[in-house]
Amino acid sequence: VYLGANSSTPVLIVHGVNETGKDSLELKQVAEALAGSGFRVVVPQLVRLTRQNVTPADVDDVTALFRSLDGDGGIICASYGCGPALIAASRPEIRDRVRFVLTFGAYYDLTETLRFVVTGPESPLAYSKWLYMIANADLLGSEDRSELSLIAAERIRETAENWHLFGEGLSPDARALLSLFESQDSNEFDRRLEQLPAFKDRLERLSPSRYF
């Protein structure tokens, strides 16, 4: 909690997917500046997001955190943390108390965003598709998660011509997840996503476009 001399209106900050979470330097600087401007700033540690794993349960967490604030207030979010934040703000339990939402690097439809990250041109500004793949491997068994972690690490580290791991021993579901992230175009991505109903459901439940 960050307080200034005249802190009054509460603000909840939802960090993005990063290992430092509430302790990231940039977030601390933002929180301190807001506190100095008269806000009472609450910055929770959202454990799944620090593990780069965003799930619908994070919507429940943001809702509960905002309900714990004393009075009406705002929500500020960054990157993939904005999906849960925006969806939480639409919930009837808190929506009449949310005075504003400020987003940085948010998305509207997670399926569309992931389709672009997977099939679009490589960008240093884009979240790594291989990191996102392993972040959602919690939908699989432990052996598959270990193998996919090795594959993801190699693909982040090496260029395609130097890959040696292709997941021959993966289960059908794990193989389907890897194939999705290997998609070369939108049609291929959409076709392969249909083979992953649990993952498709997660993407839809984390898309603000489904709630507004």
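## Helix H4, tucked inside

Let's start with helix H4, residues 82-89: this helix is mostly covered, with eight of its eight residues buried. Buried here means under 20% relative accessible area, while exposed means over 50% and partly exposed lies in between (1.4 Å probe, protein chains only). The buried residues are Cys82, Gly83, Pro84, Ala85, Leu86, Ile87, Ala88 and Ala89. A quick word on names: helices (H or I, at least four residues) and strands (E, at least two) are DSSP runs, numbered from the N terminus.

Keep in mind that this is a predicted model, where local features need pLDDT of at least 70, side-chain atom pairs count only at pLDDT 80 or more, and totals for chains, interfaces and linings use all residues. Residues are numbered from 1 along each chain as its sequence is written, and side-chain values use heavy atoms, with hydrogens and water left out.

So what do the buried residues of H4 pack against? They pack against strand S1 (9-14), helix H3 (57-67), strand S3 (73-78), strand S4 (98-104) and helix H10 (197-205). Contact, by the way, means heavy atoms within 4.5 Å.

## The sheet

Four strands make up an open sheet, in the order S2-S1-S3-S4, and the pairing is parallel. Strand S2 (39-42) and S4 stand at the edges with a single partner strand each, so one side of each has no neighbour in the sheet. On average, neighbouring strands of this sheet are turned by 20° against each other, direction ignored. Two strands pair if DSSP finds at least two bridges between them.

Now for the individual pairings. S1 and S3 pair in the parallel sense over four bridges, and the partner of Ile13 in S3 is Ile76. S3 is largely enclosed by the rest of the structure, because five of its six residues are buried. From S3 the chain crosses through H4 to S4, and this β-α-β crossover is right-handed. Right-handed means that, with the strands pointing away from the viewer, the path from the first strand over the helix to the second runs clockwise.

S3 and S4 pair in the parallel sense over six bridges, and in S4 the bridge partner of Gly74 is Phe100.

## Helices lying on the sheet

H3 lies across S1, S3 and S4, running at about 160° to S1. H4 packs on the sheet too, touching S1, S3 and S4, and its direction makes about 160° with that of S4. For these angles, axes are lines fitted to C-alpha atoms (for helices over the stretch in contact), and angles run from 0 to 180 degrees between N-to-C directions.

Ala57 and Glu112 are 55 residues apart in sequence and 21 Å apart in space, C-alpha to C-alpha.

## Rings that meet

A pair of aromatic rings is described by the distance of the centres and the angle of the planes. Rings of Phe, Tyr and Trp (its six-membered ring) pair if their centres lie within 6.5 Å; planes under 30 degrees apart count as stacked, over 60 as edge-to-face and the rest as tilted. By this rule the count comes to seven aromatic pairs. One of them is Phe39 with Phe100, an edge-to-face pair at 6.3 Å centre to centre and 70° between the planes. This pair links distant parts of the chain, with Phe39 in strand S2 and Phe100 in strand S4, 61 residues apart. Phe39 counts as partly exposed at 23% relative accessibility, and Phe100 counts as partly exposed at 30%.

Tyr132 and Phe199 form a tilted pair, 6.5 Å centre to centre with 55° between the planes. Tyr132 lies in helix H6 (residues 129-135) and Phe199 in helix H10, so the pair ties together parts that are 67 residues apart in sequence.

## Thr50 and its contacts

Thr50 lies in helix H2 (residues 47-50) and counts as buried at 14% relative accessibility. Leaving out residues up to four places away in sequence, Thr50 touches His15, Asn18, Glu19, Gly21 and Gln45.
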